Amino acid sequence: MDKVVSLRWFLGIFTAAFVLFLYGPFIVMGILSFQQGPEGGPQFPIIEWSTYWYQHVFGLAPPSRIAPLPIGEALIRSLTLAFATMVVSTVMGVLTAQAFRQPFRGSGVVFYSVILGMIVPGVLLGLGMVLLANQVGIDRNWWSTAFVLHVVYTYPFAFLVMLAIFNRFDESVEEASLSLGVSPAKTFRKVTFPIIFPGVLSAMLFAFTLSYDEFPRTLFTGGSDVTMPIAIYGTFAVEIHPNLFAFGVLSTLFSFSLLAVYGILLTLSIRRQNQRASGLQEDIT
Amino acid sequence: MRSNKGTWLLLSPGIIWITLFLVAPLIMMIYVSFWTQTTFSIKPDMTVVSWVNFFSSDTYFGALLRTIRIWFTVLMVTILVGFPVALYIGQFIKNKTLQTALLVTCVIPFWTSFLIRVLAWRPMLGKEGAINILLQKMGIINAPIEVLLYTELSVIIGMVQIYVVFMVGPIAFMIGRIDGSLIEGARDLGASTWTIFRRIILPLSMPGVIVGAIFVTVMVLGEFATASALSGRKVNLLGNIIITQVGSLKWAFAAVAGVVLTVVMATFVAIMLRIVNLRNQL
């Protein structure tokens with residue numbers, strides 16, 4: 001038994017060190033975003049604590065030799081792209097998972113083809129898409145060639161989430177609704193959808209965040225109007241400045257607020273479902 | 001209950017999308033790798049010149065070997081680092097809420113932009129970076145360690161940090177599913193901790209390791225950003241080769257590198273899928 005106790009301690013300490021390893025760059029980024037500006041570079045020690053780089057991100061800092069990040073347009077493009085990707089891939093994910101509820105011939109092939117979308121590396125897909133676009137004679141744009149690849153990438157995630165939800169789905173509820181003469185469309189809207197809603201929400205969250213942060217697929221196919229990750233990638237070649245870290249902190253906070261919205265919506269939907277269920281029961285008794 | 005036609009109707013948007021925007025580009029890539037490349041243009045005359053050039057060039061064949069070496073190192077390190085963590089989360093934390101909280105803790109860094117997370121390693125590993133300052137202050141080293149940044153090592157450290165979570169998740173999931181009574185029973189029958197690990201935990205966690213290995217493999221093999229951010233462009237992976245070839249409009253060559261990468265990846269994934277059926281693990 002002693003052996004188990006010491007093993008538990010060893011693994012506990014190992015895990016703690018692991019978490020520190022995961023968060024190291026994260027913490028460094030947070031600290032360095034408060035570096036003095038504009039002379040302070042992205043390294044230790046902190047010359048003087050300041051919020052200069054945050055002002056710089058918002059374009060509030062006095063002009064200096066360091067160019068501001070192309071926040072405005074690139075960010076709006078990224079958000080628009082992420083939103084469109086989220087809608088399309090979630091709808092397709094729900095449809096495909098719905099089809100998978102009944103066994104059909106060729107389901108294996110379809111399953112793996114869809115999964116391929118999240119597995120094939122972005123560089124390869126981006127390259128293939130550019131070659132195809134060149135061949136067919138289509139212009140490359142973030143809202144066309146890049147958008148379709150974003151969906152190829154996020155749709156499998158939505159599909160898998162929905163598949164997992166449908167696997168735990170009690171079909172008799174739907175059958176009851178159908179046999180009572182409710183139309184299939186209305187059954188989906190009134191019965192199926194409320195039950196799968198948490199899954200839909202997760203699929204949307206996945207699709208949005210993946211697309212928002214996506215860049216190997218966008219790099220070749222996005223055309224000349226850059227999205228936010230491509231703009232950041234552009235800074236790799238030149239010197240980096242703490243404004244990137246300030247932006248990183250801000251975009252992390254933005255992601256957390258998305259996560260919070262997701263959490264609130266999920267709790268609300270579960271609570272409403274419970275209420276409805278208890279209300280139904282009262283009606284019956 | 002639903003007709004076969006209904007099933008295919010539901011499937012059609014997905015199938016059309018995947019065919020046009022996933023299958024067609026990949027086929028196009030294979031096709032173009034056999035085209036004739038001249039300095040500024042490319043002609044659809046079939047040839048294997050690009051292929052011959054790729055395998056006879058030290059730069060490109062070397063990049064392939066380097067890619068495989070780095071991938072294999074990262075894969076091994078993620079298993080060695082990830083398994084103990086997954087074991088701790090899956091077996092030693094009995095409280096389900098705490099278990100989920102720990103896993104969520106591991107995932108939170110993912111809500112920071114991937115590229116910015118990679119860049120944040122620079123002030124960590126540099127000559128005047130956080131690690132060197134810390135080690136010098138503690139008196140462990142006298143001179144800063146210089147191999148930490150702009151080397152293969154920094155690329156490996158960066159990749160392990162980014163991708164190890166994809167190993168921890170599936171393994172922890174499989175270990176968490178192991179029936180506790182199985183282990184208790186083994187212990188009551190006198191099995192040692194080591195035997196329990198070797199005979200019960202290890203075999204039952206294998207599907208998790210394999211799923212994790214597939215994740216890590218496809219992501220590391222397609223990588224180029226970590227290498228260009230943390231190696232000062234000194235470490236060129238196949239992904240980096242593709243980027244530079246596309247930049248100089250050498251389409252056929254980029255396509256060859258792409259096909260080679262696909263073959264390496266597909267071979268590994270196919271072997272792994274022989275061992276575990278992904279669909280049954282859902």
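1. Which residues in helix α7 (residues 130-137) of chain B are buried? They are A130(B), I131(B) and N132(B). Please keep in mind while reading that this is a predicted model. Just after α7(B) there is a backbone detail to look at as well: G139(B) has a positive phi of about 75 degrees.

2. On to the overall make-up of chain A. Its secondary structure consists of 11 helices and 0 strands, so a walk along the sequence reads α-α-α-α-α-α-α-α-α-α-α. Chain B, for its part, has 14 helices and 2 strands.

3. The dimensions of chain A deserve a moment. Its radius of gyration is 24 Å, whereas a compact globule of 285 residues would be near 19 Å. Along the principal axes, the C-alpha atoms of chain A fill a box of roughly 75 × 65 × 45 Å. For chain B, the C-alpha trace spans about 75 × 70 × 30 Å along its principal axes.

4. Burial and contacts come next. In chain A, 41% of the 285 residues count as buried; in chain B, 44% of the 282 residues do. Looking at contacts in chain A with a separation of 6 or more, 75% are between residues 24 or more positions apart. In chain B, 69% of the contacts between residues at least 6 apart in sequence join residues at least 24 apart.

5. A word on domains. Chain A is divided into domain 1, covering 2-57, and domain 2, covering 71-240. Taken over C-alpha atoms, the centres of domain 1 and domain 2 of chain A are separated by 33 Å.

6. Why does V161(A) count as buried? Because it has 25 C-beta neighbours inside 10 Å, and 20 or more are enough for that label. Leaving aside neighbours within four places in sequence, V161(A) is in contact with G199(A), S202(A), A203(A) and F206(A). P198(A) is 37 residues away from V161(A) along the chain, yet their C-alpha atoms are separated by 9.9 Å.

7. Lastly, a helix pair within chain B. Helix α1 (residues 4-32) and helix α14 (residues 251-275) of chain B pack at an angle of about 115 degrees, and their axes are 8 Å apart. The crossing of α1(B) and α14(B) is left-handed. Where they meet, α1(B) brings M29(B), I30(B) and V32(B), while α14(B) brings W251(B), A252(B), A255(B), G258(B) and V259(B). The residues of this contact divide into 7 nonpolar, 1 polar and no charged.

Definitions and conventions. Residues numbered from 1 in each chain as written. Chains lettered and ligands numbered in written order. Predicted model: local features only at pLDDT ≥ 70, side-chain atom pairs only at ≥ 80, totals over all residues. Helix = DSSP H or I, 4+ residues; strand = E, 2+ residues; numbered from the N terminus. Rg over C-alpha atoms; globule rule 2.2 N^0.38 Å. Buried ≥ 20, exposed ≤ 12 C-beta atoms within 10 Å, placed from the backbone. Contact = placed C-beta atoms within 7 Å. Axes fitted to C-alpha atoms, helices over the stretch in contact; angles between N-to-C directions. Left-handed = near helix turned anticlockwise from the far one by under 90°. Nonpolar A, V, L, I, M, F, W, Y, C, P; charged D, E, K, R; others polar. Domains from an automatic or database assignment.
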